[in-house]
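Student: I would like a close look at one kind of contact between side chains. Please take me through it step by step.

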Amino acid sequence: MKVDIEKTRAYYNSIAQETLCDCAYCKNYYAMVKAAYPEVAAYLASFGIDIEKPHEISPLEPDENAMLEYCCCQYIVFGSCSDAYSHRIGEVEFGKGTSYPNTGITEEHFVLDFYPIWLKFIDA
């Protein structure tokens, strides 16, 4: 990957929390992911990405233990990335996204995705 860290960091700094999805599953992710996955958060931060501000996440229904699987977590990154990019932290697998909502960005960028993320679902 060739990441423009400063441009990526500035992009995430410009995202206001109130512009993010406010459904219960997404709010659960924002509140818990950084503490539950500190190594993943640190890896993303090394590229200027704020783990608490995803471009898109795909949660499944909570299981019988109130564990919620996020089967795809996607983040916008300024720069370029090989289609063959692959990285792993524990059970979490990273790759270059191939299917995601329109980013609306015209500058060179890509979408980084990873999975799975498991979080306890706390319905506030």
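Student: How many salt bridges does the structure hold?

Tutor: This is a predicted model, and it holds six salt bridges. Start with helix 1, which covers residues 5-14 and contains both R9 and E6. These two residues form a salt bridge whose closest N and O atoms are 2.8 Å apart. R9 and E6 are three residues apart, about one turn of the helix. E6 counts as exposed, at 53% relative accessibility, while R9 counts as partly exposed, at 32%.

K7 makes a salt bridge with E107, and here the closest N and O atoms are 2.6 Å apart. K7 lies in helix 1, but E107 lies in the loop between strand 5 (92-96) and strand 6 (109-115), so this pair ties together parts that are 100 residues apart in sequence. K7 is partly exposed at 34% relative accessibility, and E107 is partly exposed at 40%.

Another salt bridge joins the side chains of R88 and E93, with 2.8 Å from N to O. Salt bridges that share partners link R88, E91 and E93 into one network. R88 is partly exposed, with 45% relative accessibility, and E93 is partly exposed too, with a relative accessible area of 30%.

Disulfides are another matter, as the structure holds zero of them. The cysteine sulfur closest to that of C23 belongs to C26 and is 3.6 Å away; a disulfide needs the two sulfurs within 2.5 Å, so this pair is too far apart for a bond. C73 is in no disulfide either, its nearest cysteine sulfur being that of C72, 6.6 Å away.

Methods:
Residues numbered from 1 in each chain as written. Predicted model: local features only at pLDDT ≥ 70, side-chain atom pairs only at ≥ 80, totals over all residues. Heavy atoms only, no water. Salt bridge = Lys/Arg side-chain N within 4 Å of Asp/Glu carboxyl O. Helix = DSSP H or I, 4+ residues; strand = E, 2+ residues; numbered from the N terminus. Buried < 20%, exposed > 50% of the residue type's maximum accessible area, 1.4 Å probe, protein only.
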